[in-house]
Structure formats: C-alpha cells, structure tokens
Amino acid sequence: MREEEKKPTSTIRRILKQRWALSAIYIASAAIILAAAFLLQNSFDDSAKDGKEESAETGKNYGEPSVEVNSNLETIKMPVADADKSVIKKQFYDVNADEKAQEEALVFYNNRYEQNKGIDIAMEDGKSFDVKASLSGNVTKVQDDALLGNLVEVEHEDGVVTRYQSVKDIKVAVGDKVKQGQAIATAGKSQINEEAGVHVHFEIRKDNIALNPLDFVDKQASAIQSATEAEADKEETPAVEGSEADKETPAVEGSEADKEETPAVEGSEADKEETPAVDETDESTDLESGTDEEGSVPGEDTTEESDSLKDSLNQSN
C-alpha cells in the first residue's frame, strides 16, 4: 500500500525536475490569465455596445428642432444687449389705457391708423445695434418685408411666440434653435414706422394674441400662461354677469311703471273728491223739500198720530 501511494508523488516530482516543467507551468498560467482577461474585455464591450444602442435609440430625433424643457423657467429679457441705453419710441396699444396713451400708440401709414401690436425699441444715440433673442426657442419664420422691415419669428412653449420686425442682416434661418441672448439680426428701419428711425419692433404673442411685452419683461415665461388663464377666467364668468343683470330686472321697472300708472288708485282719489258733492246735494235737496229719502213729509206723520190719540180718548170717555 505504501508503495502505491508513493507512485503519484514520485511522478510529479520527476516532472518538476525536468527543465521545461517550470516554463510550461508559466506559459499555462499566462494563457489562463490572458483568456480570463479576454473574456472580461468582451463582456465589457458588449455592455458598452448595448448602452450605445440605447442612447442612439433615445436620441434618434436629436437633429430635429425642439424646444428646451426648461424654457419656461427663463426670465424674459429685452431684445437688446444694454437695456439701460435703450428708449421706447412707440408703446403697445392697450385697450384699457387712457385716451392719450392710446393715441400715442397708434401707427399712421398710408392715411390709416393701426394699433401698435408691440413696442418699438431704439438706442439713445440712434445708432444700429444687435437684436438679441428674448427667449430660447426655434426659428419658425424668416421673412423679407420692406413694409415691416423684415421679420424673424421664434416659437417657444405653450403657444408663445416672439417676433422681431424692422431688422436687417438676419443671422438665423428657419429651423435653427436659438438661445436666449443670441444675436439673431441687426436693428434697421421700416416703412410703416419711419419716424422711429433705426429700431426693432418687438412683439410677444400667446395663441396669436398680441400682449404688452413690458408686462412680462424680467418675469419667467410661465407668467404669460398664468396671465392669459387669469384673463380667460375673468371673461368666462356668466354668474357675475347674471348678477349684474339681475340688478336691472324688468320687474323693478314694471313696478315703477305700476306706481306711476295705477288707474285704481287714481279712480279711488276721484271717487273721494266726487262723492261728497253728490251726498251734499242729496241732503240739501231733502232738507229744502222737507221730505225724507222715501218722499214722505215728517210733519204729516206726527199729526195723524195725535188725531188718533184724541179719538181713542173721546171714545173711552
């Protein structure tokens, strides 16, 4: 038994005593290590490829125009680099403003007056300046127009659009994505408002309804949505309008008319005035004629009664 147990051990020792044994062991170990490293590398490459495919699937529409998710968090800015050196040549036409302000906000062209749908901004020195994007968004319209002085329109979230008119040297095209503060054109002139000189006509529209830009400058873009919703709530309040109408009900007017035109009351007053005259006439007639209402004479009745009493006394005697 001892001899059999010693045989395997002796065989291993014989192999290890060979010159090539250690080299073979090193090579085998290196091969195992390299094979393990290769397998790990392949597994990492496969996971990286899967990640790339997923990202490519997610961003396959990356090249298409899109609006930034956080554009509503941006603060609306004036479309100029230095707002402190700018002046407003013509204000927005506000239907709730006084008559003088409304008159100053009218644009006269070709013997016609037009309401100003935005504000006309110029520099104090009258020189040209870069027109900046008031908000980040996508350029949806670039139009050459001598009357308006060319036009650039940028679309934002929730149906909000900013428009820049009376510009030249336009630096953007339809489909471009612009960031807030990016130069999109240079201020120029327009035929419709020549008196403003070199300026930019700036508009803010919500669902194609012009709003006063000065009401939203230095406010977040989300304020436009809140303001339009509040305005819509004011317009759609039938209960309030009904209460106002109830204050002027025709029933009240009818009662006033009834008070003024009441024939029954007038008739009673007439009766009061006319009836005493009739009674007095009847009484005076009865007194003058000496008869009662049945036409009998009071004196005759008393005489007949006295004669009958005398006859009865005589008969008793």
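The model examined here is predicted.

**Exercise 1. Characterise the lining of the largest pocket, beginning with the element that supplies the largest share of it.**

Step 1. The element in question is α4, which contributes six residues to the lining of the largest pocket.

Step 2. Two elements, β13 (209-211) and α4 (222-235), each provide at least two lining residues.

Step 3. In total, 23 residues line this pocket, and I209, A210, L211, N212 and E231 lie nearest its centre. The volume of the largest pocket is about 600 Å³.

Step 4. By residue class, the lining of the largest pocket comprises nine nonpolar, six polar and eight charged residues.

**Exercise 2. Describe the second largest pocket by volume, lining and residue class.**

Step 1. The second largest pocket has a volume of about 260 Å³.

Step 2. Its lining consists of 15 residues; N116, L148, Q165, I192 and H201 are those nearest the centre. Two or more lining residues come from each of β3 (112-115) and β12 (200-206).

Step 3. Sorted by class, the lining of the second largest pocket holds three nonpolar, eight polar and four charged residues.

**Exercise 3. Which residues have the most contacts inside the largest nonpolar core, and which elements give two or more residues to this core?**

Step 1. In soluble globular proteins, nonpolar side chains tend to be buried together.

Step 2. The largest nonpolar core of this model has 32 residues, and V131, Y164 and I184 have the most contacts inside it.

Step 3. Two or more core residues are supplied by each of β4 (119-123), β7 (151-155), β8 (160-165), β11 (183-187), β12 and β13.

Step 4. Leaving aside residues up to four places away in sequence, I184 touches V131, A133, V152, Y164, D169, I170, K171, V172 and V178.

**Exercise 4. Classify the aromatic pair formed by F108 and Y113, and determine whether each residue is exposed or partly exposed.**

Step 1. A pair of aromatic rings is described by the distance of the centres and the angle of the planes.

Step 2. The structure contains two aromatic pairs. In the one formed by F108 and Y113, the centres are 4.7 Å apart and the planes make an angle of 50°. Planes under 30 degrees apart count as stacked and those over 60 as edge-to-face, the rest being tilted; the pair of F108 and Y113 is therefore tilted.

Step 3. F108 has 45% relative accessibility and therefore counts as partly exposed.

Step 4. Y113 has 58% relative accessibility, so Y113 counts as exposed, the cut-off for this class being over 50%.

Notes
Residues are numbered from 1 along each chain as its sequence is written. This is a predicted model: local features need pLDDT of at least 70, side-chain atom pairs count only at pLDDT 80 or more; totals for chains, interfaces and linings use all residues. Side-chain values use heavy atoms; hydrogens and water are left out. On a 1 Å grid over the protein atoms alone, a cavity is a set of points where a 1.4 Å probe fits but cannot get out, and a pocket is an open set with protein on both sides within 12 Å along at least five of seven lines; lining residues have an atom within 4 Å of a point. Grid points are joined across faces, edges and corners, and a volume is the space filled by probe spheres set on the points. Helices (H or I, at least four residues) and strands (E, at least two) are DSSP runs, numbered from the N terminus. Ala, Val, Leu, Ile, Met, Phe, Trp, Tyr, Cys and Pro count as nonpolar, Asp, Glu, Lys and Arg as charged, and the others, Gly among them, as polar. A nonpolar core is a set of buried Ala, Val, Leu, Ile, Met, Phe, Trp, Tyr and Cys residues joined through side-chain atoms within 4.5 Å. Buried means under 20% relative accessible area, exposed over 50%, partly exposed in between (1.4 Å probe, protein chains only). Contact means heavy atoms within 4.5 Å. Rings of Phe, Tyr and Trp (its six-membered ring) pair if their centres lie within 6.5 Å; planes under 30 degrees apart count as stacked, over 60 as edge-to-face and the rest as tilted.
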